[in-house]
Amino acid sequence: SVSPTASLLAVRGQVSENGMPRFFRRFAEGVFDIPDLLARTDELADFVASAAVHYAFNPAKVTAIGYSNGANIASSLLLRHPETLAGAILLRPMTPYEPEPKPDLHGKSVFIASGQVDPIVRVADVNRLAEIFRSCGADVTHPFVDLGHGLVNSEIDEVREWFARKHSLHPSSTFS
């Protein structure tokens, strides 16, 4: 867990790719089915809103946590439905799309964990994602590690420290 005091709402993608659950379809590695991504993003926003009513939490305090495909839909959720999230922890994301119009992300915090030698996510692509968030007003933390697509414990520790700093003034909910 990122925080011992945060509530968790775990979601699972409804798309199956070779027996593995994903949040949205893709045509090939790094080539997203954008209409499906947008539709699944809207479904996820509706789910978070419904869960907020059912479990009585404030969706404006939700921090999404996602790895790879989960990070990509969390990015899309923040870009398409910014009212749904306080921010996001994105582990090995890529740029899902260029948002038009650009959302207002002032007051939102985003942590992007990237691998310098990630064979799936190019450095230029993830730098573009960080720039999109910054240009929309988000507070972005974007460390790189000399790794590929996998994660290491030191990165998770860094995420915990970042989350604690960002949320020390008020309790928050998370979903992963």
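A: Let's begin with Arg-92, which is buried because its relative accessible area is 1% (buried means under 20% relative accessible area, exposed over 50%, partly exposed in between, with a 1.4 Å probe and protein chains only). Keep in mind that this is a predicted model, where local features need pLDDT of at least 70, side-chain atom pairs count only at pLDDT 80 or more, and totals for chains, interfaces and linings use all residues. Residues are numbered from 1 along each chain as its sequence is written, and side-chain values use heavy atoms, with hydrogens and water left out.

Q: Where does Arg-92 lie, and what is its phi?

A: Arg-92 belongs to the loop between E7 and E8 (helices, H or I with at least four residues, and strands, E with at least two, are DSSP runs numbered from the N terminus). Its phi is positive, about 60°, although Arg-92 is not a glycine. Ala-56 is another non-glycine with a positive phi, of about 55°, and is found in the loop between H1 and E6. Is that one buried or exposed? Ala-56 is exposed, as its relative accessible area is 69%.

Q: Which residues does a cis peptide bond join?

A: Glu-100 and Pro-101, with omega at about -5°. Pro-101 is in the loop between E7 and E8, where Arg-92 also lies.

Q: Which residues line the largest cavity?

A: Arg-92 turns up again, together with Pro-93, Ala-113, Ser-114, Gly-115, Asp-118, Val-121 and Val-126. E8 supplies the largest share of that lining, three residues. By type, the lining has four nonpolar, two polar and two charged residues (Ala, Val, Leu, Ile, Met, Phe, Trp, Tyr, Cys and Pro count as nonpolar, Asp, Glu, Lys and Arg as charged, and the others, Gly among them, as polar).

Q: And what volume does the largest pocket have?

A: About 180 Å³. Its lining includes Gly-13, Phe-23, Arg-40 and Ile-73, and H1 gives the most to it, with four residues. That lining divides into five nonpolar, two polar and three charged residues. Gly-13 is in the loop between strand E1 (7–9) and strand E2 (15–17) and touches Pro-21, Arg-22 and Phe-23, leaving out residues up to four places away in sequence (contact means heavy atoms within 4.5 Å). Gly-13 is also buried, at 12% relative accessible area.

Q: How many residues does the largest nonpolar core have?

A: A nonpolar core is a set of buried Ala, Val, Leu, Ile, Met, Phe, Trp, Tyr and Cys residues joined through side-chain atoms within 4.5 Å. The largest one here has 37 residues, and those with the most contacts inside it include Leu-78, Val-110, Phe-133 and Val-140. Among the elements giving two or more residues to this core are helix H1 (34–55), strand E8 (109–115) and helix H3 (123–135). A second, separate core of 10 residues includes Ala-6, Ile-89, Ala-113 and Trp-162.

Q: Last one: how many aromatic pairs are found in the whole structure?

A: A pair of aromatic rings is described by the distance of the centres and the angle of the planes. The search finds two pairs (rings of Phe, Tyr and Trp, its six-membered ring, pair if their centres lie within 6.5 Å; planes under 30 degrees apart count as stacked, over 60 as edge-to-face and the rest as tilted). Phe-24 and Phe-32 have ring centres 5.0 Å apart and planes at 80°, so that pair is edge-to-face, and both residues are buried. For Phe-111 and Trp-162, the centres are 5.5 Å apart and the planes at 55°, so the pair is tilted. Phe-111 lies in strand E8 and Trp-162 in helix H4 (residues 153–166), so this pair ties together parts that are 51 residues apart in sequence.

Conventions:
1 Å grid on protein atoms, 1.4 Å probe; cavity = no way out; pocket = protein on both sides within 12 Å on 5 of 7 lines; lining within 4 Å. Points joined across faces, edges and corners; volume = space filled by probe spheres on them.
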